[in-house]
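Open the structure in your viewer and keep the selection tool ready. This tour goes stop by stop.

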Amino acid sequence: TAPEKLSFSLTATGSININKAVQKALTDRSGYRFSILFESLKSEINADLSIATLENTSIETEKLTDNNIPIAAVSAIAEGGINCLSLGYDGIFNGGISGLQATQEAVNSVGMTSYGVYASPRERSNPRILEVGGVSVALLGYQSDLSTTGKKKLSKEEQAFALAPPTLPTVVADVASARALGAQVIIASLSWGKKGASSPSQSQRELALAFAQAGVDIILGTHSGTVQTIELFDVYRGEGQQSQALCAYSLGNLFTYDRDNRSLISGILLHANVTYDLTSRTVSFDRLAYSPTYVWRGKEDGKTLYRVLISDMPPPSF
């Protein structure tokens, strides 16, 4: 008999950053109009697990800024088809630990799962694990940089548990913890690399391979804002069984206001069918594809509007 296999579909995409100018542009007398941002993506993000990175906080008790967005914007991301949000970026602690908790609550309240940074030692030692298509999937996050404001908001004790640094010993320990808790597939989101870089550095390539060999099955890179290469590794798990690991060094930006560098307003939706073999405990990818995306900007009745488009879609009328 063929060994039993389980599989799930994955769509992963890049970063979302909604500044104050965009917030203002998408507000009129009737209220917020954030829903138009991602509504064109619904037909493309039709996966069991869909992941993006949010590079904003959502703290209801604080004023709206380039960093802080209303919950209506978070809700629009969920309406566009995303069901998991990594919160790992350098400004996530601009509101301190309480600001992270508020953002986590905002994300969770609209039906998405947040992960990647940690509000307590207990969170740090208990990785987020979801059941997806019958497969236990652990969601991990790594970053080393914090904004100047974020550093001031966190004590040394809080920094020790709030961030997981992208180092091999840390990843090895986290993978062991996740496996002990029953994780079968491990996904890691990494905020790494140089802003605007068009390709990963040699040290990133070496680190990615080391993470894959340590047990990370899917690496999703953010921070550079540009689309970079995607690589498949052959690694060995268990009793010498060959497994595959996928690394997307950077998925670009799903949405950003910054149009000075044209490469920053494009991204991809990475689509994969992930198969887990229950007998050999190995992972393989039955399908890999991608949809290029683009941030469209135009005017309607003198009002600036934005929308994320799949690149071969007809443009909107505005």
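This is a predicted model: local features need pLDDT of at least 70, side-chain atom pairs count only at pLDDT 80 or more; totals for chains, interfaces and linings use all residues.

Residues are numbered from 1 along each chain as its sequence is written, and side-chain values use heavy atoms, with hydrogens and water left out.

**Helix pair**

Select residues 168-180, helix 8, and residues 202-214, helix 9. Their axes come within 9 Å and cross at roughly 25°. That makes helix 8 roughly parallel to helix 9 (angles under 35 degrees count as such). Now show side chains. On helix 8, pick Leu 168, Val 171, Val 172 and Val 175. They meet Ala 210, Phe 211 and Ala 214 of helix 9 (contact means heavy atoms within 4.5 Å). By class, this contact has seven nonpolar, no polar and no charged residues.

**Largest pocket**

Next, select Asn 17, Glu 55, Lys 195, Thr 256 and Tyr 257. Of the 22 lining residues, these lie nearest the centre of the largest pocket. A pocket is an open set of points on a 1 Å grid over the protein atoms alone, where a 1.4 Å probe fits, with protein on both sides within 12 Å along at least five of seven lines; lining residues have an atom within 4 Å of a point. The volume is about 350 Å³ (the space filled by probe spheres set on the points). Strand 1 (5-16) and strand 13 (253-255) each supply at least two lining residues. The lining has five nonpolar, twelve polar and five charged residues.

Note on methods
Axes are lines fitted to C-alpha atoms, for helices over the stretch in contact, and angles run from 0 to 180 degrees between N-to-C directions. Helices (H or I, at least four residues) and strands (E, at least two) are DSSP runs, numbered from the N terminus. Angles under 35 degrees count as roughly parallel, over 145 as roughly antiparallel, 65 to 115 as roughly perpendicular and the rest as oblique. Ala, Val, Leu, Ile, Met, Phe, Trp, Tyr, Cys and Pro count as nonpolar, Asp, Glu, Lys and Arg as charged, and the others, Gly among them, as polar.
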